[in-house]
Amino acid sequence: MSESENHDVSVPCASFVDVAIVGAGLVGASLACALDALGLRTLLVEASAGGTQPAPSFDERNLALGKASVNALASLGVWRHIRTAPEAIRRVHVSSRGDFGSVLLAATDHGLDAFGAVVIARELGAALEARLDELKHLQRLRPARVSAVTSSAEAATLCIESPGGEIREVRTRLLVAADGSHSAIRESLGIAAKHHDYRQRLFVATATAEREHQGGAWERFTPDGPVAVLPLGGGRLGSICTVAAEQADAVAALDDDAYRELLQSRFGYRLGRINRVGKRSHYPLALIKSEQLVAERTVLVGNAAQTLHPIGAQGFNLGLRDALTLAEVLETALGQGREPGQIDDLREYARRREPDREETLRFSDGLSRLFAITDPAVRLARSLGFGALNGIPGLAERLAAGAMGFRGDVPRLALGAAVAERSA
Ligand SMILES: Cc1cc2nc3c(=O)[nH]c(=O)nc-3n(C[C@H](O)[C@H](O)[C@H](O)COP(=O)(O)OP(=O)(O)OC[C@H]3O[C@@H](n4cnc5c(N)ncnc54)[C@H](O)[C@@H]3O)c2cc1C
């Protein structure tokens, strides 16, 4: 493959590449950006057509990104392509309806300007696309769907279908499954996954309210499910509201004013009256956890590896750390003269990802379940917990570090400014 083969067309692609990434969603695209610096011949295959048909997750969902993710996206050259300035998260407020106490984390208490930022997925998607266009060693195929894969100790083989029915075969030293929650690669390779259906739907809509958000993000837990409000540019708010699956159709059918009232009753009056809500979209909620992160010549990243309840705002933050860690492991292997995809390196990737993955899954799943419990004893414990969180020295720092994405073995690119300071 020549030095610059970064294109979206159905020209014949190389039949042997170093790395083939299946899925150019938020995580697969970020990984392609991280691998370019290593000079690996990378193929990125995506089922959606692009342009007016972007990847499905490049939609109106609001992404709360921890500082670690913001640092990494800046280092990868993606952040500078975001057109509308992301809104900083300066305070995080967590409360539960009917319980005493609440937790308030303020970035300034941790010597920081912000815990992270909120960006609309559509805008981050466009910024990733702009960055992908600049890469030197990337070849892209879209719209094209990987319909089958096999792997052996030497290589993985992908069968790729274009919408016109053309089929081509590509061999790769390393196959990366970044093909989302219902990963066909995971299934093709017989990797089992645990599923838990939360029997809930998450409604997302922008809103405006009487009072300014001032960089605040709120998570409020109610017996009917959690609701969150995030700060957006232009004084707008990004709202998410969970409802039981059996009520989802009725909530989807509400007119804007009735939905505004529902949101108000769940969120309360922290920002005064909610004046207006925008267009709504909704998503089913499930926890999916792959039982293996690696197989011969194959790794799983992002939602293909684990899909979380979005209330903790961790899914992409965690998936990005998968991508950054994989890039680091490959960099070390190359530096030591090994080709990508050797099993010991893949095991090293899995070893490094496990603690962060387990902790983040436990955190997100715990949040979604704990607050659904209405037993008075649990509620009292929860209230005492909220009070205690505000009083235990060091605990708020640990919570804040987790929220920012500085958990355990932090990938170098996520340290951002800290790396620059150390090497200065
Ligand atoms: C409402 C909502 C709010 C969220 N908020 C947050 C938040 O605040 N913070 C946060 O960190 N995370 C959040 N998340 C989670 C985040 O959106 C996901 O973790 C993230 O999108 C996962 O990215 P991915 O690239 O792994 O998978 P996906 O985005 O699902 O991308 C997979 C890609 O693979 C392609 N594909 C699939 N199969 C094939 C195939 N066979 N061949 C070729 N291409 C294929 C698809 O077209 C798709 O583009 C939220 C999620 C939701 C639903």
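**Notebook: ligand shell and helix packing**

I started with the ligand and counted 35 residues around it, the closest being Gly23, Gly25, Gly180, Gly302 and Gly315. A reminder to myself before going further: this is a predicted model.

Next I sorted that shell by residue class. It divides into 19 nonpolar, 12 polar and four charged residues.

Which elements supply at least two residues each to the shell? I found helix α1, strands β3 (62-66), β9 (145-151) and β12 (193-209), and helix α7 (315-335). Of these, α7 gives the most, with four residues.

Then I looked up where the ligand sits relative to the domains. Domain 1 (16-194 + 286-423) and domain 2 (196-285) both give residues to the shell, so the ligand lies between them.

**Helix α1 and its partners**

The axes of α1 and α7 come within 9 Å and cross at roughly 30°. An angle under 35 degrees counts as roughly parallel, and that makes α1 roughly parallel to α7. I noted the crossing of this pair as right-handed.

I listed the residues that make the contact. On the α1 side they are Leu26, Val27, Ser30, Leu31, Ala34 and Leu35. On the α7 side I have Phe316, Gly319, Leu320, Asp322, Ala323, Leu324, Leu326 and Ala327. By class, the contact of α1 with α7 has 11 nonpolar, two polar and one charged residues.

My next stop was α3. Helix α1 (residues 26-36) and helix α3 (residues 121-134) pack at an angle of about 30°, and their axes are 10 Å apart. These two helices are therefore also roughly parallel to each other. What is the handedness of the crossing where α1 passes α3? I wrote down left-handed for this one, against right-handed for α1 with α7.

For the residues, Leu26, Ala29, Ser30, Ala32 and Cys33 in α1 meet Leu124, Gly125, Leu128, Arg131 and Leu132 in α3. The class tally for the contact of α1 with α3 is seven nonpolar, two polar and one charged residues. Going back over my lists, I see Leu26 and Ser30 in the contact with α3 and also in the contact with α7.

**Backbone checks**

I finished with the backbone. Where is there a cis peptide bond? I found one from Arg142 to Pro143, with omega near -10°.

One more entry concerns Arg199. This residue has a positive phi of about 50° although it is not a glycine.

Note on methods
Residues are numbered from 1 along each chain as its sequence is written. This is a predicted model: local features need pLDDT of at least 70, side-chain atom pairs count only at pLDDT 80 or more; totals for chains, interfaces and linings use all residues. Axes are lines fitted to C-alpha atoms, for helices over the stretch in contact, and angles run from 0 to 180 degrees between N-to-C directions. Angles under 35 degrees count as roughly parallel, over 145 as roughly antiparallel, 65 to 115 as roughly perpendicular and the rest as oblique. A crossing is left-handed if the near helix is turned anticlockwise from the far one by less than a right angle, and right-handed if clockwise. Two residues are in contact if their C-beta atoms, placed from the backbone, lie within 7 Å. Ala, Val, Leu, Ile, Met, Phe, Trp, Tyr, Cys and Pro count as nonpolar, Asp, Glu, Lys and Arg as charged, and the others, Gly among them, as polar. A residue is near a molecule or strand if its C-beta atom, placed from the backbone, lies within 6 Å of it. Domain bounds come from an automatic or database domain assignment.
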